[in-house]
Every structure is written in C-alpha cells, then in structure tokens.
Amino acid sequence: MAVYTHLAAEDLAALIAAYDVGELVSAKGIAEGVSNSNWLVETTAGRFILTMYERRIETSDLPFFLGLLDHLSERGCPVPRTIHDRGGAAFRHVNGKAVALIEFLPGVSVDHPTPEQARAVGAALAKTHLAAADFIPARANALDISHSARALAGCGDDALAAIDPALPEAARIAGQLANDWPRDLPEAICHTDLFPDNVLMLGDRVTGMIDFYFACTEAMAYDLAVTHAAWAFDLAGERHAPEIGTALVEGYQSVRPLAAEERAALPLLAQGACLRFVASRTEDWIATPADALVTRKDPMAFVRRLHFYESAGQTAFE
Ligand SMILES: Nc1ncnc2c1ncn2[C@@H]1O[C@H](COP(=O)(O)OP(=O)(O)OP(=O)(O)O)[C@@H](O)[C@H]1O
Ligand SMILES: N[C@@H](CCO)C(=O)O
C-alpha cells in the first residue's frame, strides 16, 4: 500500500481550494507505489494526482523534478504537468509534508509488453532526451556506478551471501565497473528508472511517463540501457526477450540515432544499470523485515540480467 499519511477531509478541501481546479468531489488513496502517498483526486474540473512526498525525496530537489515535468510536458512529451497553486507555487506543505498536485494522465502499465509497445517506449524516451536539452538545471546521479559499488561493498560479503551466494561476486563486478566506466558519452536529463510501472499506455501509445524522482544528468545511452534492462526480460529476470529489446532500441533510434561510441558502450552501461538495481534492492532487502507490509524486490533478478549482459555483449542489443 502507498498511502502513509491520513489526510483529513478538511485539510484536503483546504488544500484543493488553494488551486484553481474547481471544487473537491472525491479523493481515493492509490495502492500502487512504495515511496510516496498518492491520491486520485476528482474535482468539478477533472481528475488529478495528489502526491505527498514521504521519504527519499529532498524538498530541495522538488523545484528540479516538478520544473522538469512542466518543461517536458510543454514540449509535447507524454509527461504530466504540475498544477501550480493560485500563488504560482509548484508545491505546498500540509502538516509539515510537501505535496504537489499533478495532471492525471490516462493509460495503464503493461506487464507483458509487445514489440510495438516497446518501440513506442524507446521513441518516447528519446523524445524526452531531446526535449530536456534546453532544461537548464542539472542534478548529479546519486545512484551512479560508484555509489552502487560502495553500497554493495558496505553491506559486507557475509550479509550479501546470506541473501544469495552469488551476490558477493556482483559486488566485485561493481567495483571493477566503477573503474572502467565511460565518462565522455553525450548527456541529458535522464529518467533512469523507466520500468514498465512508470509508463502508462493505451494500446501501442505511450500516454504517460511518470515518477521522474530519480531524474538526473546522465549519459543518454545509460538511460536506454536502464530501460532495456527493465523491459527486455521476464519479471524474474530469467528469460531475455530479444524482440522487446530490439524494438526498444529501434524505437529510440527512430528519434535519436546512437553514436558509435554509445552503441559500443551499451553492454557495459547495461551491466551498470543492473548493478544500480542490485544495490538498491539489496539495501532495501536488508533494511526491510521479511514480514513487512511492503513486498521486497528481489536483487537476484538483476544479478541474472547482469550476467546475461556480461556474456551476450553487443548481441544483447541487435
Ligand atoms: N500523472 C499520473 N496520471 C495517472 N496515474 C498516475 C499518475 N501518477 C501516478 N499515477 C498512478 O499512481 C501510481 C503510483 O505512482 P508512483 O509509481 O509514482 O508511486 P511512488 O510511490 O511515487 O513511486 P515508486 O513506488 O515507483 O517509488 C502509479 O502506478 C499510477 O497508477
Ligand atoms: N524500479 C526500481 C525501484 C525504484 O528504484 C526497482 O525495480 O528496483
């Protein structure tokens, strides 16, 4: 579940009255998501998403994230714009917590994408990279390969091996990759977490890209590698789905062709992408009791993908 805070009806009504969005009709907590509390809010003017930032997100980063949504949406990307309050503010505070009202976009997240859907996702990702070119603020990637290597090393081999005997080896690969990481690839503001649950679709059309709360200045090819690792496998990370991966890369290149050095770097970038999720999932695994309400995500699903990219090399992207 992801409604961590109870919002009293009068607080909600007072909040909505600060925006020019009509009268409050209803508000329902949204179960999906784990980081923030989200409500689907209906007013006499339409539907909106109300997000309360609960953890992980620094309030000082909100102008960057919410400004990025507005920037991309103004440039025709399927990204929800931020609704600003009557005073022009992109976010407000309720009971000491930051909240933002976000445009509601139609669509559903797909569990089993088709190649046509993957092609559309690749094209939509490339469009955001191009549209972000004139977004001035920058934000460093706090979860880059050096962070993944440090985070895994910090867990210690015993704790890693207790989760799975193959995890300490993944930690060693992270240390090696941090040394070999390519530094000169073309950058833009990247989503860096474009999993299927962060994409809304209607048929083959991408209607929404959401959850930009890991967005940062990164190599664009890395963002494509993250998306490949997130989309081109079954959920367990056991089976590579080459037709999905190929369609995703083709869709991306239909909008923004990759330079030769970006293509050459993809296998290594994809291993780094896998390690980013191995690291965050491992840390969460250790920090979350097995009987907690939140379901822990399995780090091994990305260790298997890591080894796939290691052995497949360039063929993973053909
Ligand atoms: N702009 C939007 N339009 C329509 N639905 C949305 C929108 N934003 C979020 N949602 C819905 O709310 C759900 C939860 O949102 P989200 O995934 O952003 O939660 P989170 O807790 O912030 O993120 P996460 O769990 O990925 O860290 C989504 O799965 C989607 O169904
Ligand atoms: N998309 C991530 C969670 C957000 O970091 C995962 O599946 O591990």
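**Core, domains and a ligand shell**

Let's start with the largest nonpolar core. It has 89 residues, and those touching the most other members are Ala 170, Ala 221, Ala 225, Leu 269, Cys 274 and Leu 275. Keep in mind that this is a predicted model.

Which helix gives this core its largest share? Helix α9, residues 260-287, with 11 residues. The core also draws on both domains: at least three residues come from domain 1 (9-103), and at least three from domain 2 (115-317).

Now take one core member, Ala 221. What does Ala 221 touch, leaving out residues up to four places away in sequence? Leu 185, Leu 258, Glu 262, Ala 265, Leu 266 and Leu 269. Leu 269 is also among the core residues that touch the most other members.

Next, the domains. The protein chain is divided into domain 1, residues 9-103, and domain 2, residues 115-317. Their centres, taken over C-alpha atoms, are 27 Å apart. How many residues of each are in contact with the other domain? On the domain 1 side, 14; on the domain 2 side, 18. Look at the side of domain 1 that touches domain 2. There we have 11 nonpolar residues, two polar and one charged.

Last, ligand 2. Around ligand 2 sit Asp 193, Phe 195, Phe 277, Ser 280, Arg 281 and Lys 297. How does that shell divide by residue class? Three charged, two nonpolar and one polar.

To recap. The core has 89 residues, with helix α9 giving the largest share.

How values were computed
Residues numbered from 1 in each chain as written. Chains lettered and ligands numbered in written order. Predicted model: local features only at pLDDT ≥ 70, side-chain atom pairs only at ≥ 80, totals over all residues. Near = placed C-beta within 6 Å. Nonpolar A, V, L, I, M, F, W, Y, C, P; charged D, E, K, R; others polar. Core = buried A, V, L, I, M, F, W, Y, C linked by C-beta atoms within 7 Å. Buried ≥ 20, exposed ≤ 12 C-beta atoms within 10 Å, placed from the backbone. Helix = DSSP H or I, 4+ residues; strand = E, 2+ residues; numbered from the N terminus. Domains from an automatic or database assignment. Contact = placed C-beta atoms within 7 Å.
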